[in-house]
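Please find below a colleague's note, arranged as numbered points.

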Amino acid sequence: MSMTTILQHCLTGISLGGAYALIAIGYTMVYGILRLINFAHGEIFMMAGYFMIFCMSSMPYFVAIPVVILVTVALGVAIERAAYKPLRTAPRMSIMISAIGVSYLLQNLATYLFTAIPRGYPEIPFLKQTFHIKDVSASLVTFLTPVLTIVIVVLLMLLINHTKIGMAMRAVSKDFETSQLMGIKINSVISVTFVIGSALAAVGSILYFTDRMSVTPFSGTLPGLKCFVAAVFGGIGSIPGAVVGGFLIGITETILVALGYSTFSDAFTFILLIVMLLFLPTGLFGEKSTDKV
Amino acid sequence: MSAHVLELKDVTMQFGGVVAVDSLSLAVDEGEIVALIGPNGAGKTTAFNVVTGVYPPTNGEVRFHDRVIVSNRPRGKMKKLYAGSSRGVYTASVAPSPDRITKLGIARTFQNIRLFKDLTVLENVLIAKHMNIKAGLFSAVFRLNAKEERQMRESALALLKIVGLEDARDEVASSLPYGKQRHLEIARALATEPKLLLLDEPAAGMNPQETDELTAFIRRIKEDFHLTVFMIEHHMNLVMEISDRIYVIDFGKQIAEGTPAQVQDNPVVIAAYLGVEEA
Amino acid sequence: MKKRLMVLFALLLCVAMLAAACAPASAGTDKVIKIGVFEPQSGQNGGGGFQEVLGIRYAKEVYPTVEINGETYRIELVEADNKSDKTEAVSAAQSLVSAGCKVIIGSYGSGVSIAAGEIFLDNKVPAIGASCTNPQVTLGNDYYFRVCFLDPFQGTVMANYASQAGAKSAAVITELGDDYSSGLGTFFKDAFVKLGGTVAAEEQFQTNQTDFKAILTNVKAANPDVIFAPSSIATAPLIIKQARELGITATIMAGDTWENSSIIENAGKDAEGIVFSTFFDDAQPATAEAQKFVPGFKKYLTDNKQSDIIPAVSALGYDAYLAAINAIKSANSTDSTAIRDALTKVSFEGVTGSISFDENGDAKKDMAFIKTVQDGQFKFLKTVTVAK
Amino acid sequence: MKTKKSTKRICSVLAFAALLAFLYLLDPNSMTMKLLQKGAILAVVAASMNLLNGFTGLFSLGQAGFMSIGAYITALLTIPVKSLDGVYYAGGMSEGIRAFKMAMEAGPAWLTSVYPFLALILGGVAAALVAALIGIPVLRLKSDYLAIATLGVSEIIRAVVSSPQMEKITNGSYGLNKIPNFPEMFGGAVPSKVTPFLIAAVCIALMVLLINSSYGRAFKAIREDETAAEAMGVNLFKHKEMAFVISSFFTGVGGGLLAMYLRSIDAKTFSIALTYDILLIIVIGGIGSMTGSVLSAFLVTVSKEGFLRFFDETLTIGGWQVPLFRAGFRMVIFSILLMAVVLFYRRGIMGTKEFSWDAVFGLPGWFKRKFGRKAARGGDGR
């Protein structure tokens with residue numbers, strides 16, 4: 001395999017990883033606080049894709065992008081309010097089923113509204129300009145994705161470690177009941193979590209789809225699952241962990257496909273998950289917790 | 001002297017930085033009722049959890065009828081901590097799962113009642129009987145073990161009679177009044193045919209009258225089932241009335257041991273309890 | 001109590017449904033003969049399926065009746081959506097049979113046709129495939145016929161075209177778990193190698209995969225003259241655009257599925273220059289039937305608010321319908337077995353050429369149309385003929 | 001009023017006879033029959049999923065994977081040798097299997113008559129074996145980690161099945177077809193149309209027997225409280241593994257039946273969506289109720305593919321075209337239904353209740369009370 005090919009692959013892997021990382025953060029934050037796999041997160045990401053298509057058809061990108069982020073956030077929070085809040089006291093299983101139900105609903109809704117035929121993703125001019133460095137060629141977004149990811153994560157870490165709401169979040173993820181007793185407004189904290197998570201999903205979807213150019217109702221499912229694996233890998237609840245996991249999965253996936261094992265590119269992600277859960281159940285950066293008897 | 005029924009040697013349990021139980025040693029003899037008391041968070045329940053195999057201890061061993069059932073060697077930081085200390089260091093590493101320990105004949109109840117809430121009273125007891133079922137899956141599914149099944153039911157019902165729940169056999173466990181739930185939990189423990197019964201705050205949340213009933217009840221089952229009882233309790237009058245010996249621990253360390261009378265006037269104990277005791 | 005109510009509700013529903021379902025399917029009055037339309041109108045192939053249905057509907061407008069020993073029978077179309085999903089296909093096919101259809105037309109997508117084939121066989125109802133190109137559909141099924149050519153043929157056609165266009169090396173990209181894509185890919189490979197070409201790269205991708213960069217990077221490294229990427233219209237634009245973005249200039253070729261305007265819409269200017277084989281071209285009306293069909297159907301399309309490019313599958317749907325009524329005529333009865341026997345003998349001038357069936361029940365066709373995209377329009381390139 | 005045992009027996013016999021008669025009379029090629037058959041198959045799978053999720057409290061999402069194992073094994077074994085070449089037209093087939101199949105078909109009459117059932121059982125066994133292996137690591141995981149891991153397992157299985165490396169066996173991308181329909185039983189005494197119902201009935205009966213046995217109680221104990229169960233001497237791993245393997249076995253058999261029903265299968269058929277459909281069934285039926293699962297299996301199948309189809313067709317009433325009604329609407333309705341059940345009737349149709357004649361006889365009395373007619377005479381069963 002020639003040098004340029006390898007470089008090209010690395011580029012693909014890293015930018016894919018970047019997008020994954022952004023989605024994974026959404027999972028890890030929600031799980032950290034609600035102990036819930038937000039199965040719908042992948043679908044939120046997919047819906048963000050469709051929102052972008054419609055916004056861009058009627059407004060310039062610099063208007064469209066914030067609008068899309070806002071709408072996606074609204075969707076995310078709405079889902080939390082409608083599908084998760086009522087079940088807060090319910091057994092774990094019914095909340096998960098509710099999450100699956102939501103993703104099932106969003107998928108069918110998308111199929112119904114936009115049909116299963118893929119919609120072309122609008123081109124954001126400045127993101128799409130392609131570079132040719134010798135034989136390696138890629139659009140700006142490919143380079144931009146990882147950079148942007150890192151920046152966002154740094155900001156997020158600052159938010160979580162140096163603001164009141166951030167402190168509240170950490171408290172809630174440590175101990176739900178106690179922090180409630182300490183007078184932290186659980187619901188607002190959860191909402192904030194979903195706001196951040198959905199916003200990142202929106203950004204992620206813009207980067208991801210600009211690079212891949214078309215959206216179908218199923219575009220969300222697999223990235224969603226993979227990003228959850230990424231979150232677990234990095235240690236659920238830990239944001240840097242999610243990022244590392246995201247990049248790692250993006251890159252390994254690309255490598256596998258590059259080597260001609262595309263059959264197993266998805267399967268591998270899950271093998272990774274199972275192995276990880278067995279030998280390092282708390283992931284790379286997650287901290288241990290003993291359940292009280 | 002005859003071997004102890006239960007013996008803890010230098011049992012230490014450390015969670016991260018917290019030492020919940022600190023090289024605790026104690027012994028319980030055949031036919032005794034021994035109480036383990038101490039202020040909240042003294043590590044009583046943790047000690048129980050170590051004995052029943054819920055947590056493997058950081059160091060120390062537990063013997064049952066002179067047989068090592070739980071044991072662990074210090075690892076990592078702990079090694080340094082123990083280096084050259086006079087306290088015993090245990091090299092064997094025995095960590096059976098709780099069900100194995102139950103099979104050996106140690107049954108327990110829980111501080112916060114842990115019944116199978118949505119199952120009927122009878123089922124709760126029958127599950128404890130499942131432990132020593134002889135029939136394999138096949139014969140159980142095809143009811144070839146009708147006789148065994150009948151015996152299980154009969155003994156279960158007998159137990160329910162003893163705790164006075166035979167009329168409630170088909171009620172859902174969670175629908176029972178609090179006191180009854182405690183009784184059911186004990187009946188369930190007895191169903192495993194234990195030699196040693198560990199009771200974790202059996203009288204918690206009971207009014208004086210209920211407590212007296214409980215006292216009598218514990219005495220009765222001890223006699224009927226030839227049990228040795230090791231209990232954690234806060235209700236001092238219950239403890240003082242029922243137990244032959246008492247161990248007092250604070251911050252995971254044993255601070256006193258002796259008959260109720262001795263313990264009562266032990267200044268250390270009083271100190272430990274001042275302002276902390278709620279019973 | 002609420003639970004009780006639910007139980008009761010459920011039971012009632014069950015009973016109601018059974019009752020409804022058991023009601024004898026109206027076998028059709030003596031004056032009506034039913035033709036079933038077994039097509040996907042939703043799911044992965046929903047788009048293509050619908051185009052095929054349009055062709056069939058139009059055909060029915062043109063030939064609304066059929067003569068059976070002196071009596072005129074009104075033809076009634078019964079449509080069932082198989083959702084491009086095998087598990088649904090069985091019940092959809094069954095619903096047509098139960099509705100008393102004498103002949104079935106369909107389906108777009110070979111997988112569902114194969115699944116439904118067994119049902120039609122069991123019920124001895126003949127089926128005429130319009131655009132299902134997989135050999136499996138008619139193989140070993142005496143009741144399945146088809147008016148289109150087969151994948152082996154199509155693969156050979158594209159291979160011939162490629163080598164005639166001077167291509168020495170080709171890259172083949174196929175979809176895992178998809179019989180159409182994988183099958184066509186294999187046949188292309190075999191034919192291309194026979195013609196002295198080399199297969200520089202073979203890549204596979206997963207269903208619903210959206211990122212083809214890694215695959216295409218390998219392809220780029222192999223630097224082939226042409227890329228053969230038979231795939232559903234869902235994935236086509238992705239492959240095309242991402243390939244161009246990576247700076248791959250090789251001609252991208254595929255099979256009949258690509259003749260769908262959604263590809264041009266989604267791939268935009270990148271779609272320019274793609275090449276694919278298809279069954280029909282309105283610029284080259286091969287037969288009298290075709291000359292009459294083209295203007296008529298264009299009008300029909302505009303009346304139904306569709307773009308007036310005639311998709312090949314619509315033409316095939318039309319031909320399948322013709323085959324059906326021809327068979328009914330010559331069978332001169334409404335008995336589906338008789339119609340089946342008649343089908344083996346029919347021979348008529350269809351829109352996509354003269355049609356008659358061989359012992360497998362496949363149309364004897366030896367010509368395919370090659371098309372490309374130019375200025376955002378499908379454009380006829382040439383016809384390729386391969387002796388069978 | 002408690003109903004007499006004898007009365008119940010009679011009722012059960014009558015009900016069973018009525019059902020059987022209905023099935024025998026029903027035209028094997030009618031829509032109803034096909035839907036009921038599918039319902040029966042899904043009932044088996046749903047019941048086995050319920051055994052795991054509802055009774056042992058292990059939230060597993062691996063069903064589709066185990067179904068595919070069962071389906072592929074059954075298909076491999078039952079496809080007649082003569083049509084093999086047609087099926088494996090692209091890749092060819094591994095000679096070993098072909099030889100084995102030839103030997104089987106050459107076998108004595110009794111063998112060929114039981115062969116399809118052997119195939120089904122083998123399918124189940126294969127699924128069970130895989131489950132046994134996977135269970136060892138995976139069952140150590142808790143609730144949602146277990147869910148995602150099992151979901152992963154099913155994806156892995158799907159990848160392996162459709163991989164080019166397996167082409168000589170599973171026919172990779174092309175899938176298997178020419179699978180014979182349901183076999184007859186007892187030399188035609190049971191026509192092939194009724195077979196799936198009998199098999200389903202047997203499977204479900206077995207599962208019901210299991211959950212009512214001592215082991216079943218142990219499963220429930222694990223669902224209720226793992227720590228307490230362990231303290232009562234229930235070996236967690238042993239019983240979890242047991243439940244997982246048994247459930248997978250029946251899931252595999254269900255998959256085999258599905259293969260016989262579909263007559264042609266490929267890896268796509270067994271995607272995550274299939275698992276979700278089954279989840280939908282057990283949620284609507286009530287997690288923890290076998291009766292519920294069976295009931296809603298039929299309910300969902302018949303409504304989803306039978307009489308609710310009209311949601312997908314453009315419907316015009318008196319020239320006015322009803323909006324919303326077009327392809328895909330049906331599924332939207334179903335997902336909304338699912339959400340409604342999850343949020344408002346969390347216990348589903350049956351909750352954790354099982355069918356009992358008492359309840360049925362209770363209904364009229366209960367009705368009286370429910371709709372405030374005169375004071376109820378003859379209360380409900382309990």
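1. The axes of helix H4 (residues 121–130) of chain B and helix H10 (residues 214–224) of chain D cross at roughly 110 degrees and come within 9 Å. Helices (H or I, at least four residues) and strands (E, at least two) are DSSP runs, numbered from the N terminus; axes are lines fitted to C-alpha atoms, for helices over the stretch in contact, with angles from 0 to 180 degrees between N-to-C directions. H4(B) is therefore roughly perpendicular to H10(D), a label for 65 to 115 degrees.

2. The model is predicted: local features need pLDDT of at least 70, side-chain atom pairs count only at pLDDT 80 or more, and totals for chains, interfaces and linings use all residues. Residues are numbered from 1 along each chain as its sequence is written, while chains are lettered from A and ligands numbered from 1 in the order in which they are written.

3. In chain C, 7 strands form an open sheet of mixed pairing, ordered E8-E7-E9-E10-E11-E14-E15; strands pair if DSSP finds at least two bridges between them. Strands E8 (198–205) and E15 (377–385) of chain C are at the edges with a single partner strand each, so one side of each has no neighbour in the sheet. The twist averages 25 degrees from one strand to the next.

4. Strands E9 (residues 226–228) and E10 (residues 251–254) of chain C pair in the parallel sense over 3 bridges. Phe228(C) stands opposite Met253(C) in E10(C).

5. Leaving aside neighbours within four places in sequence, Ala324(C) is in contact (C-beta atoms, placed from the backbone, within 7 Å) with Ile35(C), Val103(C), Ile105(C) and Ile128(C).

Notes. Two residues are in contact if their C-beta atoms, placed from the backbone, lie within 7 Å. Angles under 35 degrees count as roughly parallel, over 145 as roughly antiparallel, 65 to 115 as roughly perpendicular and the rest as oblique.
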